[in-house]
Amino acid sequence: MDDYLSVVVDPNEVRSTSGDLLSAIVPLMKLLSLTAIGLLLSHPKIQMIPRATLRLLSKLVFALFLPCLIFTHLGENITLENIAKWWFVPVNVLISTGIGCLLGFLVVIICRPPPQLVRFTIISTAFGNTGNLPLAIVSSVCHTDDNPFGKNCHTKGVSYVSFCQWVSVIIAYTFVYHMMEPPLEFYEIVEEGTEIEELVESDDNDVSKPLLMEAEWPGIEEKETEHCKAPFIARVFNSISNVSQSTFPDLDHPRDGSTSASAYPESIRCLAEPRVVRKIRIVAEQTPIQHILQPPTIASLLAIIVGLVPQIKAVLFGADAPLLFISNSLEIFAGAMVPFVMLILGGMLAEGPNESSTLGQRTTIGICVARLLVLPVLGIGIVIAADKLNFLVNGDPMYKFVLLLQYTTPTAILLGALASLRGYAVKEASALLFWEHIFALLSLSLYVFVYFKVVI
């Protein structure tokens with residue numbers, strides 16, 4: 001009988017399983033401890049870290065700590081050869097977003113959210129956190145010397161995550177920005193109801209608005225444009241007879257009273273621009289593509305330029321680099337990124353869920369299940385298939401781990417900032433992000449263990 005049990009239950013295998021479980025849970029417990037400290041210190045009953053301080057910390061992370069982390073690690077590791085090897089990392093962001101959109105459609109069909117929140121349901125399922133949270137998880141996993149990824153764990157992990165930052169930012173300021181456009185029906189209600197209009201306006205200018213509105217995009221109130229809170233695409237692509245011209249000025253003609261023929265050069269007027277092309281051009285002109293050049297994105301671009309020019313790279317990186325003290329100084333700043341990010345997250349959670357959300361409990365659960373439980377399973381299949389097709393870096397488990405994290409993280413906090421910018425689903429975004437990050441503790445523990453045990 002003992003011999004039988006020794007065959008069925010291998011003690012070495014049990015120890016290995018428990019070791020993998022600890023390796024998966026302990027890094028997340030470190031992050032949880034940092035978040036709990038932030039939650040405790042910023043709790044309304046304690047207020048050792050007031051909201052104004054957390055806003056300042058978010059600006060420091062956005063403008064200093066995160067760019068330093070990206071530049072120091074990506075600049076040291078990026079080469080032309082590595083770009084050819086790492087191409088699947090940004091492509092995987094597009095794939096995960098596309099699959100997330102399909103899951104969002106299923107959530108809409110099954111859970112039936114309010115009609116005005118259909119697009120919000122889809123995009124919140126699709127748009128995951130591929131920046132701050134994966135960087136924090138990678139840093140926590142690589143914090144110990146006995147991590148499963150080797151001695152270059154942290155440098156490689158941060159480089160992989162940073163390499164896809166530009167794709168995530170482009171998606172945010174193009175696809176997500178337009179998906180978060182207020183529905184036409186919602187805009188008409190606001191126009192007709194004076195009291196509602198005043199309420200929305202006062203909410204935008206409220207200094208006590210949720211911290212998540214600026215957690216990943218500080219100074220968002222300065223980015224508002226003329227049409228950012230209007231159903232702009234609906235105005236352009238549909239004939240709207242019941243909306244006054246004063247509400248939506250004619251986009252096809254200039255406002256100074258001149259004719260459209262005099263507004264364009266002769267060479268353009270000779271070419272009869274198709275109506276559909278003109279509408280697409282108008283929408284493209286109103287897309288805030290200029291906001292892509294934010295400090296983290298600029299740091300990524302500079303790191304790629306430095307890494308691809310050996311002469312510049314030799315000046316900043318390496319034991320004999322004459323300006324090594326500069327890169328070392330940036331590394332010191334970079335070390336503050338993870339603890340401050342988790343403190344800010346704790347401050348967000350201390351505010352609690354927005355109880356005035358109209359999304360509904362069923363839809364909230366549906367988004368959490370689709371984003372945190374179903375999408376990671378599909379991500380495992382995608383990564384395994386890509387590995388068999390030789391799309392991945394051979395023999396590099398950290399590469400697979402970063403790809404899998406892109407399917408595992410909750411909805412990006414940046415969605416809350418975009419909701420505030422567009423004036424659409426602000427309360428719903430606040431409540432959804434709160435519950436997703438609460439449930440993500442369990443789902444991340446589960447799937448990180450699965451990645452350590454099965455995939456990696």
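**Exercise 1. Classify K400 as buried or exposed, then find its partner.**

Step 1. K400 has a relative accessible area of 18%. Buried means under 20% relative accessible area, exposed means over 50%, and partly exposed lies in between (1.4 Å probe, protein chains only). K400 is therefore buried.

Step 2. Note the source. This is a predicted model, in which local features need pLDDT of at least 70, side-chain atom pairs count only at pLDDT 80 or more, and totals for chains, interfaces and linings use all residues. Residues are numbered from 1 along each chain as its sequence is written, and side-chain values use heavy atoms, with hydrogens and water left out.

Step 3. Look for the partner. K400 forms a salt bridge with D387, with the closest N and O atoms 3.0 Å apart. A salt bridge here is a side-chain nitrogen of Lys or Arg within 4 Å of a carboxyl oxygen of Asp or Glu.

Step 4. D387 lies in helix α21 and K400 in helix α22, so the bridge ties together parts that are 13 residues apart in sequence. Helices are DSSP runs (H or I, at least four residues), numbered from the N terminus. D387 is partly exposed, at 26%.

**Exercise 2. Which parts does the D396 and K156 pair tie together?**

Step 1. The two side chains, D396 and K156, meet in a salt bridge at 3.5 Å, N to O.

Step 2. D396 sits in the loop between α21 (361–388) and α22 (397–408), and K156 in helix α8 (residues 153–163), so the pair ties together parts 240 residues apart in sequence.

Step 3. Check the burial. D396 is buried, at 7% relative accessible area. K156 is partly exposed, at 24%.

**Exercise 3. Describe helix α20: its span, cover and what follows.**

Step 1. Helix α20 (residues 337–350) has 14 residues and reaches 20 Å from first C-alpha to last. That is close to the 20 Å expected at 1.5 Å a residue. The expected span is 1.5 Å times one less than the number of residues.

Step 2. Twelve of the 14 residues in α20 are buried, so the definition makes it mostly covered. Among them are M337, V341, L345 and M348.

Step 3. G352 follows α20, and its phi is positive, near 75 degrees.

Terms used:
Helix = DSSP H or I, 4+ residues; strand = E, 2+ residues; numbered from the N terminus.
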